[in-house]
Amino acid sequence: MSEMTLAQIRTQVQGMLDIAENDIPNSVLDTFIAQGFDAIVYSEKRWPFFEVSTTFSTVADQSDYALADIGTTPSTGMREIFSLRTDTGICDYIGRDLGDHRNPLDSLGSGSPTQWSYWGDKIRFYPTPSSVETIYVRGVRNATDFPSTMDGAPNTAAVPDLPAPFHPLLATYAASRAYLQQEDPTMGAQYDRQFQIELDNLARRFADTPAPQPMMLNSRRRDLVDMRYPKRYQNTGGVIF
């Protein structure tokens with residue numbers, strides 16, 4: 001499947017609605033498309049196509065680091081941190097309460113970090129770094145906004161920051177919202193249901209656990225409703241992590 005530009009997604013929405021190009025302003029269509037983009041991006045905490053590796057440097061005698069300051073790449077910034085390590089070993093994640101209990105402020109040690117906690121979009125290292133040290137990060141980046149701007153003049157040649165199979169879903173979502181705006185809740189609900197089913201199908205394909213070591217919980221028999229409206233991950237007979 002080939003990628004779709006913003007202009008192509010707009011045209012597809014207009015075809016679904018059977019309307020002329022100017023019947024719904026492009027600024028309104030762009031709002032619906034942006035809402036669909038966000039619905040996809042935030043439907044999973046960890047889409048594999050947003051996973052990245054980066055680095056940053058500690059500052060001597062500084063224990064806290066804002067998430068917004070982690071790494072020089074990607075340019076969109078980090079959304080979640082999954083793993084931190086130094087040149088000599090992995091830093092273990094611990095809860096903030098446990099970290100503060102083990103490391104009182106009046107006796108906080110310094111050295112190469114061996115543990116870290118996360119609170120208020122800030123990383124805290126234990127012990128406090130005593131010098132400049134490279135930290136290797138694995139996590140999930142923020143998506144690039146789509147459309148590029150909401151001022152009525154976005155880059156219509158831009159493509160969504162999603163794999164190509166997700167691009168048609170933006171038109172489906174926008175069509176659902178457009179029908180609701182035109183006071184046709186029946187058609188709006190049909191397109192919304194189509195969006196949800198297609199998103200679930202793609203999530204099973206893209207967000208599934210890697211095959212080498214799956215873990216299955218709560219397997220159960222599927223009934224007729226499940227077969228008609230398949231739910232995410234149920235093709236395995238259970239939930240896979």
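Guide: Gladly. Buried means under 20% relative accessible area, exposed means over 50%, and partly exposed is what lies in between. Keep in mind that this is a predicted model.

Visitor: What makes D192 partly exposed?

Guide: D192 has a relative accessible area of 25%. D192 and A175 are 17 residues apart in sequence, with 8.4 Å from C-alpha to C-alpha.

Visitor: Why is the contact between E80 and K45 called a salt bridge?

Guide: The rule asks for a side-chain nitrogen of Lys or Arg within 4 Å of a carboxyl oxygen of Asp or Glu. For the side chains of E80 and K45 the N to O distance is 3.0 Å, so the pair meets the rule. By this rule the count comes to 7 salt bridges.

Visitor: Where in the chain do E80 and K45 sit?

Guide: E80 is in strand β3 and K45 in the loop between α2 and β1. They are 35 residues apart, and the pair links distant parts of the chain.

Visitor: How do you know whether K45 is buried or exposed?

Guide: Its relative accessible area is 52%. Exposed starts over 50%, so K45 is exposed.

Visitor: What makes R46 and E51 a salt bridge, and how accessible are the two residues?

Guide: Their side chains meet at 2.9 Å, N to O, and the limit is 4 Å. R46 has 41% relative accessibility and counts as partly exposed. E51, with a relative accessible area of 37%, is partly exposed as well.

Visitor: What about D64 and R124: how do you know which class each belongs to?

Guide: D64 has a relative accessible area of 24%, so D64 is partly exposed. R124 has 17% relative accessibility, and buried means under 20%, so R124 counts as buried.

Visitor: What do the side chains of D64 and R124 do together?

Guide: They meet in a salt bridge of 2.7 Å, N to O. D64 lies in strand β2 and R124 in strand β7 (residues 122-126), so the pair ties together parts that are 60 residues apart in sequence. Salt bridges with shared partners also join D64, D100 and R124 into one network.

Visitor: Why are β1 and β2 called edge strands?

Guide: The open sheet has 7 strands in the order β1-β9-β3-β4-β6-β7-β2, with mixed pairing. β1 (51-57) and β2 (64-66) each have a single partner strand, so one side of each is left without a neighbour in the sheet. From one strand to the next, the twist averages 40°.

Visitor: How do you know that β3 and β4 are paired?

Guide: Pairing needs at least two bridges. Strand β3 (residues 78-85) and strand β4 (residues 90-93) have 2 bridges in the antiparallel sense, so they pair by that rule. L84 has C91 in β4 as its bridge partner, and a hairpin joins β3 to β4 through 4 residues.

Visitor: Which bridges tie β9 to β3 and to β1?

Guide: β3 and strand β9 (residues 134-141) run antiparallel, joined by 6 bridges, and I81 has G139 in β9 as its bridge partner. β1 and β9 are also antiparallel, with 7 bridges between them; here F56 stands opposite I135 in β9.

Visitor: Why is β3 described as largely enclosed?

Guide: Of its 8 residues, 6 are buried, so β3 is largely enclosed by the rest of the structure.

Visitor: Finally, what lines the second largest pocket?

Guide: There are 14 lining residues, and F37, D38, A143, D145 and F146 lie nearest its centre. By class, the lining has 8 nonpolar, 3 polar and 3 charged residues. Helix α2 (residues 26-41) gives the most to this lining, with 4 residues. The volume of the second largest pocket is about 160 Å³.

Technical notes. Residues numbered from 1 in each chain as written. Predicted model: local features only at pLDDT ≥ 70, side-chain atom pairs only at ≥ 80, totals over all residues. Heavy atoms only, no water. 1 Å grid on protein atoms, 1.4 Å probe; cavity = no way out; pocket = protein on both sides within 12 Å on 5 of 7 lines; lining within 4 Å. Points joined across faces, edges and corners; volume = space filled by probe spheres on them. Nonpolar A, V, L, I, M, F, W, Y, C, P; charged D, E, K, R; others polar. Axes fitted to C-alpha atoms, helices over the stretch in contact; angles between N-to-C directions. Buried < 20%, exposed > 50% of the residue type's maximum accessible area, 1.4 Å probe, protein only.
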